[in-house]
Amino acid sequence: MRSYDALYKHKKDYLMIKVIHTRCQPWLHKNAKCRLCADVCPVEGCISFNEDAITIDNDICIGCGICTNVCPTSALVMDNLSDRELLQKIETCITADDKDVVFGCSLGSQKDSRLATHDSRLSINLPCLAILKESHLASIVLSGAKNIYIDTMGCNDCSFKYGKMVIEQSISYANNLLKAAGYEDCIKTDHRPQAADCSKKGKKQNIKTITPVPEYSRRELLYFFKEKAVERIIGDNENKGGDKKTENIPDRRSILLETFNKVGNNLQTAKIEHGSFPVNQLVIGENCTLCHDCNLFCPTGALTRVEEYGEVRIDFNMALCMGCYECKELCPEDVIDKQGAIDINRIFNNEVKTIFKKKTEVCPSCGKTF
């Protein structure tokens with residue numbers, strides 16, 4: 001059985017995990033029960049919670065990144081390999097001729113040469129397959145790749161017991177979203193294209209390895225600066241239009257929004273079922289007391305409380321919802337629920353919908369509004 005010991009020996013190449021506390025649910029509210037990161041961490045005692053504050057032991061952390069995938073609000077991020085940086089590194093590996101992309105695990109490739117036998121297909125090794133999010137997979141397909149193969153064959157013998165479960169969840173999310181967008185069966189698991197005889201003339205290996213190191217190749221640097229220039233232009237245009245940029249939205253969601261905006265897919269009638277993608281369609285019951293808890297402790301700002309025009313209302317932006325369901329968990333009146341199929345057009349149109357409102361009244365004695 002392959003263990004994390006092999007990864008730990010090369011720890012200098014795999015930098016640690018950093019925490020964005022303002023996105024961590026237990027840090028935001030003492031009653032939040034989320035402990036997903038600690039549950040899936042393959043190193044016992046590496047991730048712990050002390051008085052609801054998350055602690056990562058960097059002395060034993062191996063930087064596999066599994067915790068960054070299961071965290072719904074991206075409170076945990078791989079240092080030097082954030083979701084956006086990972087996508088940038090992947091995209092610099094892919095050329096216009098690479099229609100089939102194979103993802104494998106660096107740890108697994110140390111044991112066998114399975115990835116090395118793919119005839120001229122692009123093979124990309126990662127520290128762990130579980131660092132791939134649904135946004136990475138969907139973005140690669142929408143950007144032109146015909147097929148993505150996730151080589152999970154080695155996951156059965158891996159001591160990262162939650163690794164295969166996590167990457168399969170990301171594949172399911174991505175496939176459900178892509179199917180709604182008209183792309184079916186683009187991402188496959190446990191699929192090994194027929195091995196080719198690379199000793200023959202004209203056959204070559206096309207293998208790339210991505211690690212969380214800060215060094216960039218010349219091509220990566222050019223791509224990095226290009227992306228930064230585009231981000232600045234987009235930011236300037238948004239500021240001119242008066243739209244306030246949301247800082248709390250995780251990369252895994254902003255990547256999807258940007259990708260769908262670029263390709264211009266028409267999703268007006270596309271719907272997906274609850275649980276098939278990390279997002280909720282929320283409803284609030286009439287017994288809501290407008291106590292503030294849901295909007296104050298929403299890690300991504302999907303819920304906002306607005307007071308204007310003689311009413312108080314709760315607005316919901318589905319594009320910012322990451323499916324953490326903390327609002328439901330913390331609601332003292334238990335009036336928040338999810339409902340019906342999800343219209344993903346609301347996500348990619350960044351649509352804000354009022355899900356609860358009450359009129360305000362003025363007290364005739366003191367003049368205060370309530």
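A crossing of two helices is left-handed if the near helix is turned anticlockwise from the far one by less than a right angle, and right-handed if clockwise. The crossing of H5 and H7 in this model is right-handed.

The model is a predicted one, in which local features need pLDDT of at least 70, side-chain atom pairs count only at pLDDT 80 or more, and totals for chains, interfaces and linings use all residues. Residues are numbered from 1 along each chain as its sequence is written, and side-chain values use heavy atoms, with hydrogens and water left out.

**Overall content**

The protein has 13 helices and 16 strands; helices (H or I, at least four residues) and strands (E, at least two) are DSSP runs, numbered from the N terminus. Of the 370 residues in the protein, 49% are buried, where buried means under 20% relative accessible area, exposed over 50%, and partly exposed in between (1.4 Å probe, protein chains only). Among contacts (heavy atoms within 4.5 Å) with a separation of 6 or more, 76% are between residues 24 or more positions apart. The protein exposes about 18,900 Å², and carbon and sulfur atoms supply 47% of it; accessible areas come from the Shrake-Rupley method with a 1.4 Å probe, and for residues only the protein chains shown count as cover.

**The five-stranded sheet**

An open sheet is formed by five strands in the order S8-S7-S5-S6-S9, with parallel pairing. Strands S8 (187-189) and S9 (206-209) stand at the edges with a single partner strand each, so one side of each has no neighbour in the sheet. From one strand to the next the twist averages 20°. Two strands pair if DSSP finds at least two bridges between them; S7 (residues 147-150) and S8 pair in the parallel sense over three bridges. In this pair, Ile 148 stands opposite Ile 187 of S8.

**Helices across the sheet**

Two helices lie across strands of this sheet, as tabulated below. Axes are lines fitted to C-alpha atoms, for helices over the stretch in contact, and angles run from 0 to 180 degrees between N-to-C directions.

| Helix | Strands it lies across | Angle |
|---|---|---|
| H5 (residues 83-93) | S5 (100-105), S6 (122-126), S9 | about 155° to S6 |
| H7 (residues 134-142) | S5, S7, S8 | about 150° to S7 |

The axes of H5 and H7 come within 10 Å and cross at roughly 30°. On the H5 side, Asp 83, Leu 86, Leu 87, Ile 90 and Glu 91 meet His 136, Ser 139 and Ile 140 of H7. By class, this contact has four nonpolar, two polar and two charged residues. Ala, Val, Leu, Ile, Met, Phe, Trp, Tyr, Cys and Pro count as nonpolar, Asp, Glu, Lys and Arg as charged, and the others, Gly among them, as polar.

H7 is mostly covered, with nine of its nine residues buried. These include Glu 134 and His 136. Their cover includes H5, S5, S7, helix H8 (163-180), S8 and helix H10 (251-263).

**Positive phi values**

H7 is followed by Gly 144, with a positive phi near 130°. Tyr 325 is not a glycine, yet has a positive phi of about 65°; Tyr 325 is in the loop between strand S13 (311-317) and helix H12 (326-330). Asn 350, also not a glycine, has a positive phi of about 55°. The loop holding Asn 350 runs between helix H13 (345-348) and strand S16 (352-359), and Asn 350 is partly exposed, with a relative accessible area of 44%.
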